[in-house]
Amino acid sequence: MAVVCILSTAACTSNQSGKLFESVQPARGSGNSQQTIVIDVENKYKIARQQGDLEQICKRAQLAASTYFYIQGYDSTTHQFWKSIESRDCKAFQAEESRMLKEEAIQMISPFRSVMNQTID
């Protein structure tokens with residue numbers, strides 16, 4: 001299923017394969033500075049996705065959602081689109097962070113397990 005966004009500053013396409021932006025084109029009459037900001041934010045998000053750092057992916061999605069909120073407002077389709085991406089990406093980051101913290105706690109506790117399993121005479 002493809003998602004197509006028509007923006008006041010750019011046009012974007014999305015598909016389920018994870019490619020979020022196959023084309024970014026300026027809309028007619030859009031401000032050049034807004035267009036530059038949007039393209040920069042989206043490109044940095046794509047770079048973060050390629051690098052695979054879940055924290056950076058989450059932060060870049062948050063920045064994109066905030067950028068569209070600032071430029072277009074809360075009710076814009078593109079802001080809502082980026083909020084859904086932000087939600088998905090930040091949930092993935094939080095799940096990974098939680099898993100890593102649990103593993104770290106288990107490693108810290110491991111040396112004490114033998115002591116904890118001893119019976120007190």
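This is a predicted model: local features need pLDDT of at least 70, side-chain atom pairs count only at pLDDT 80 or more; totals for chains, interfaces and linings use all residues.

Reply: One term before we start: a nonpolar core is a set of buried Ala, Val, Leu, Ile, Met, Phe, Trp, Tyr and Cys residues joined through side-chain atoms within 4.5 Å. Buried means under 20% relative accessible area, exposed over 50%, and partly exposed in between, with a 1.4 Å probe and protein chains only.

Me: Which residues of the largest nonpolar core touch the most other members?
Reply: Tyr45, Trp82 and Ile85, out of 13 residues in that core.

Me: How many helices and strands does the chain have?
Reply: It has 3 helices and 3 strands. The order along the sequence is β-β-β-α-α-α. These are DSSP runs, numbered from the N terminus: helices are H or I with at least four residues, strands are E with at least two.

Me: How much of the chain is buried?
Reply: 27% of its 121 residues.

Me: How do α1 and α2 pack?
Reply: Helix α1 (residues 32-51) and helix α2 (residues 54-72) meet at about 160°, axes 8 Å apart. That makes α1 roughly antiparallel to α2. Axes are lines fitted to C-alpha atoms, for helices over the stretch in contact, and angles run from 0 to 180 degrees between N-to-C directions. Under 35 degrees counts as roughly parallel, over 145 as roughly antiparallel, 65 to 115 as roughly perpendicular, and the rest as oblique.

Me: Which residues make the contact?
Reply: Among them are Gln34, Ile37, Val41 and Tyr45 of α1, and Gln56, Ile57, Ala61 and Thr67 of α2. Contact means heavy atoms within 4.5 Å.

Me: Is Thr67 buried or exposed?
Reply: Thr67 counts as buried, because its relative accessibility is 11%. It sits in helix α2. Leaving aside neighbours within four places in sequence, Thr67 contacts Ile37 and Val41.

Me: Switching to Asp89. Where is it?
Reply: Asp89 lies in helix α3. It counts as buried, because its relative accessibility is 5%.

Me: What does Asp89 touch?
Reply: Tyr45, Arg49, Ile57, Cys58 and Ala61, not counting residues up to four places away in sequence. Asp89 is also 33 residues from Gln56 in sequence, and 9.6 Å from Gln56 in space, C-alpha to C-alpha.

Key
Residues are numbered from 1 along each chain as its sequence is written. Side-chain values use heavy atoms; hydrogens and water are left out.
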